[in-house]
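Q: Please take a close look at one part of this model. I would like its surroundings and the charged pairs described as well.

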Amino acid sequence: MSKKQEANVAVDVEKGSIEPFSINGETYKGFNSNRLDIDTYGQTQRKITSRHVSLMIIGQSIGSGLFVGVRSPLNTSGSLSFFLAFSVWAILVVYPLMQCVGVMCCYLPIKGSFIHFSARYVDPALGFAASIIYIYTAMMFVCLEATAVAQVISYWTNINPGVWITIAIVAYVCIGLVGANIYGEVEFFASILKVFLILGLMLFSLVSMCGGNPHHDAYGFQHWKEGGLFRSYLVGGSTGKFLGWWNALLWAAFAAGGPDALALIAGEVQRPRKTISLAAKRTYIRIYLFYIGGIFFLNCLISSVNPRLVESLTTGSQSSAGSPWVIGIEQVGVKGLASLINAVILSSAFSCGNAFFYCSTRSIYSAALAGYLPKFFAKCLKNGSPVYCVGATFAVSLLAYLNVNEASTNVFNWFVNLATTGLLLAYICMWWSYFRFRKAWEQQNGTKMDSPQYPYYLFARWMHPVITYSGFALTILVLFFNGFWIFFPHQFSVANLFTSYFAPVFFICLFVFWKLLKRTKFISAEDADITTDKQEIDEEEEVEELDHQEKQAQYGTAAWYVKLWKNFYSFCFT
């Protein structure tokens, strides 16, 4: 048993110590919700169900980029290079990191998850830096997706885009104020639309390549090689082809996400250990459906040098008319699908903005619980909505109006470009937290983290340490070399250098600032706090499990068709 467990004390995240702290003469053990008076401040509530999460894990945080934005790396890198880049990032980073997040959140599904994990397992200064950089990143992506909504709608109308930006942002605020259950419903149905869209596009591509198109052209895999399997970027030869692949990998790193969203919903999910473990197990559906299957069939449908594709890149069209999917479908003789696809892309853009709005509010709330931000941000409505966090995110999201005026578009793009590497920094914090958590659990329990000694969710043994550390290393490399292109002839500018590397430098400054201000220390495996709030969650889980069993028992005498539906529902969502 560790010294920390023997002393039965908890970590004060601000001081980085293992001593209890007092507020108004009362002693508190944790740095989570127990730190604040729940009667005064309220708290978020577990209203997101397993049904919500089962679809959210597949489609959440997937916006218009994977339906429209993919044209850029496809054209720059070539078909096979583009496919391999997405596959490598999805298999080595997204999937294993989702598993690592699943392991940590099943053990301790607390509010704020990876922000607090960084503080508990690594260093309180890392928790501060992670929270601030992620809050900024999520807010900027809210602005980006609200703008994408307006750009997609421009396919049908020339009304000032500010109107649609206003509608999108107001809708985000309304959803943010009515509770996590409504957020879950919105993401559930939006994810269904995304799944139907990608399945429909993949099926169409399969049938079309076999000759089932109006032109009766069984073109097979010819589009893969038309533009070249690997295209050179910046320089010629093998080096240029590698740089083309690396450029596509960078794009995949910014487009293929999800671990952050899984981490932040953990504190508001019902039966969290059961639900999060199920979500982590089903991450492979997201990987194969969108990041591998979708890219594979896209390459079958359209060449990387298709004239209309190149033209859409030149004109900068953001609606479905510039989508490589629509271009490929129309070139085989099928017309009239653009509006349908555009409508689903619209829902994807809105859903992605909604997801980042949620993540922003919850990360602000978690930072307030940890003492990184003023505690009034922890104030929640009766339905569990952190009202001031919603207000803060709404205020910053108004930056999206910079896109209404062409003269200010460059300013807006600066804000967004500064935020893109923020996601990679958040991923690095998650990786680091997982490695330290694993070591802390093994150190404090005197055994390897393996079944049956470890009773919670664990991923396959072969993934750790080879795959997990490879993913961690690849994330660092992508972050470090994300601006590689600016160091080639005629590419350098101070603006490009600043936007490529501002976030990592800012992150380091945040870390050093908090470390000096609070004089924190890196936490040893023996002293890492893996116990605070766990007993409370264990008790909650027991009550929720009993309620679930009682509800299940009610189906014992139900009609056969009710049982059939219940079995189908359980198979899909529980």
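A: The buried residues of α3 are S50, R51, H52, V53, S54, L55, M56, I57, I58 and G59. The model is predicted.

S50 leads on to a pocket. It is one of the residues closest to the centre of the second largest pocket, along with Q270, R271, H548 and K551. That pocket has a volume of about 480 Å³. Its lining counts 17 residues. By type, they divide into 3 nonpolar, 8 polar and 6 charged. Three helices each supply at least two lining residues: α13 (272-281), α22 (534-553) and α23 (560-573). The largest share, 5 residues, comes from α22.

Now the charged pairs. Side chains of opposite charge can pair when their charged atoms come close. A search of the whole structure finds 12 salt bridges. R273, K534, D538 and E541 are linked in a network of such bridges.

Next, K515 and D123. They form a salt bridge, with the closest N and O atoms 2.4 Å apart. K515 lies in helix α21 (residues 494-518), while D123 sits in the loop between α6 (114-122) and α7 (124-153), so the pair ties together parts that are 392 residues apart in sequence. D123 is buried, because its relative accessible area is 0%.

R362 and E268 form another salt bridge, and here the closest N and O atoms are 2.6 Å apart. R362 belongs to helix α17 (residues 338-370) and E268 to the loop between α12 (259-265) and α13, so this pair ties together parts 94 residues apart in sequence. Both R362 and E268 are buried.

D450 pairs with R461, the closest N and O atoms being 3.2 Å apart. D450 and R461 each lie in the loop between α19 (406-445) and α20 (466-480), so the bridge ties together parts that are 11 residues apart in sequence. D450 is partly exposed, with a relative accessible area of 24%. R461 is exposed, at 63%.

One more arginine deserves a mention. R286 is found in helix α14 (residues 283-301). R286 is buried, because its relative accessible area is 1%, under the 20% cut-off. R286 and G258 are 28 residues apart in sequence and 9.3 Å apart in space, C-alpha to C-alpha.

Terms used:
Residues numbered from 1 in each chain as written. Predicted model: local features only at pLDDT ≥ 70, side-chain atom pairs only at ≥ 80, totals over all residues. Heavy atoms only, no water. 1 Å grid on protein atoms, 1.4 Å probe; cavity = no way out; pocket = protein on both sides within 12 Å on 5 of 7 lines; lining within 4 Å. Points joined across faces, edges and corners; volume = space filled by probe spheres on them. Helix = DSSP H or I, 4+ residues; strand = E, 2+ residues; numbered from the N terminus. Nonpolar A, V, L, I, M, F, W, Y, C, P; charged D, E, K, R; others polar. Buried < 20%, exposed > 50% of the residue type's maximum accessible area, 1.4 Å probe, protein only. Salt bridge = Lys/Arg side-chain N within 4 Å of Asp/Glu carboxyl O.
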